[in-house]
Amino acid sequence: MSVFSDYKKEIMHAAHDERIRLALWRAIKSYRANTNNALKKFPHTIKLAEEVRKIKEKAIDKMEKLVLQASEAIEENNGKAYIARTAADALNIIDEIVGTGKLIVKGKSMTGEEIGLREHLEEHGNEVYETDLGEFIIQKLGSRPMHILSPAIHVPKEDVARLFSQITGQVLPADDIALLVKTARNLLREKFFQADIGISGANVVAAESGTLFIIENEGNIRLATAAPPVHIALVGMEKLVPTLGDAYKVAEVTWRYGNYPIPSYVSLVSGPSKTGDIEKVTTFGVHGPGEFHVVFLDAGRTKLAKHPILRQALYCLRCGGCLYECPVFAVTAGHFGDKYFAGIGAVWAAMMQDDEEKAAALAYTCLTCGRCKIRCPVKIDTPEMVIALRRLIVEGS
Ligand code: SF4
């Protein structure tokens, strides 16, 4: 079967799945209410988003310079920085650090998803726990994420209750969401402290100081990046901006359009844990990790930056807002996508995954209706990109 016929079967099946429609309907309603409230409470965000677009435009122009600057800063902070030109390079670098037979706790990372990191580490004899609740559900279901920020968006509470009941051997009621959350906490709690390695992504990185900004609500990232003795961060090169001030602005716009007036936690990580409290001898690995490794991933990003229209995909903050507006996504969830979703996902499939067939299927599913552009904080013109991509696919120019 071809990629196209597989995709057609999958998306038609999804479109007739009442459970996806129900879960998405609930999520879209609450996203719109939450975001509208957040923007009402912090109205400066709309102007700030315009500034962020300009920051991203300039940063993408000098991605190569920023990655070198950030790498230097991380090394100065006693961390280790790596530049991976391909997904395979990134996996090799991480293999060298991890080895085999390790217990790994992992935070949600679309970049990790892009290179198939968890599956790869498992194949190499490691035990990996996704610690974001949505990702944990997806991992246990043997499914794949269906949204950038809410990977289990398509899974109704009834399915979560059934899954957790199977894992724990107790009957858990679907209506008691607090109990389901507590169950996940209990299942994962000790893993954070037993783990050899914690893996995270980053929402934005300040090149001048090598500081990673990681936004979250659950507290799992704090634990995964602080409790194990080693922290590895995998970061797409498009996440780099010049200064700490720029990074803060990007982070604020990201969380505001990502469904929250203010997230519970923003972690700023620039190096390993250290102390000089005993006779001023610098010693690494006090309560936090003694090793800090940052792998910057190119994998098509520098090539994409050269395309006059498609480069907009690199401005994406991964707030997920566009997905809640997309009429196709509303009935199919992440089945309208590959590693990334909806119209912008077509660009990523073409340029990052080099999967022209999948990209074509996604590009021709997009209605180019433009609702995503209205919601997008940085006004990424996805219809324009999709039309350019179709031309690229058909004419090869
Ligand atoms: S395209 Fe825009 S709305 Fe969609 S995830 Fe990226 S920044 Fe958010």
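Analyst: Seven bridges join strand S7 (residues 230-236) to S12, and these two strands run parallel. Two strands count as paired here if DSSP finds at least two bridges between them. Helices (H or I, at least four residues) and strands (E, at least two) are DSSP runs, numbered from the N terminus. One place to look along this pairing is His231, which stands opposite Phe292 in S12.

A word on what you are viewing: this is a predicted model, in which local features need pLDDT of at least 70, side-chain atom pairs count only at pLDDT 80 or more, and totals for chains, interfaces and linings use all residues. Residues are numbered from 1 along each chain as its sequence is written, and side-chain values use heavy atoms, with hydrogens and water left out.

Now turn to S1, which pairs with strand S12 (residues 291-297) in the parallel sense over five bridges. Here Tyr82 is placed opposite Val295 in S12, and Ile83 has Phe296 of S12 as its bridge partner. S12 is mostly covered, as six of its seven residues are buried. Buried means under 20% relative accessible area, exposed over 50%, and partly exposed in between, with a 1.4 Å probe and protein chains only.

Step back and you can trace the whole open sheet: six strands in the order S1-S12-S7-S4-S2-S3, with parallel pairing. Strand S1 (80-84) and strand S3 (127-130) stand at the edges with a single partner strand each, so one side of each has no neighbour in the sheet. On average, neighbouring strands of this sheet are turned by 20° against each other, direction ignored. Axes are lines fitted to C-alpha atoms, for helices over the stretch in contact, and angles run from 0 to 180 degrees between N-to-C directions. Helix H10 (residues 177-194) lies across strand S2 (103-106) and S3, running at about 115° to S2. Contact means heavy atoms within 4.5 Å.

Most residues other than glycine have a negative phi. Asn259 is not a glycine, yet has a positive phi of about 105°. Asn259 sits in the loop between helix H12 (244-257) and strand S9 (265-269), and it counts as buried because its relative accessibility is 11%. Ala342, also not a glycine, has a positive phi of about 60°. You will find Ala342 in helix H16 (residues 342-351), where it counts as buried at 7% relative accessibility.

Next, the cysteines. The structure holds zero disulfides, a disulfide being a pair of cysteine sulfur atoms within 2.5 Å. For Cys366, the closest cysteine sulfur is in Cys372, 6.4 Å away, so the two are too far apart for a bond. For Cys372, the closest cysteine sulfur is that of Cys369, and at 6.0 Å this is also too far for a bond. Cys366 is buried, with a relative accessible area of 12%, and Cys372 is buried too, at 15%.

Among the residues around it are Cys316, Leu317, Arg318, Cys319 and Gly320, where a residue is near a molecule or strand if one of its heavy atoms lies within 4 Å of it. This shell divides into eight nonpolar residues, one polar and one charged. Ala, Val, Leu, Ile, Met, Phe, Trp, Tyr, Cys and Pro count as nonpolar, Asp, Glu, Lys and Arg as charged, and the others, Gly among them, as polar.
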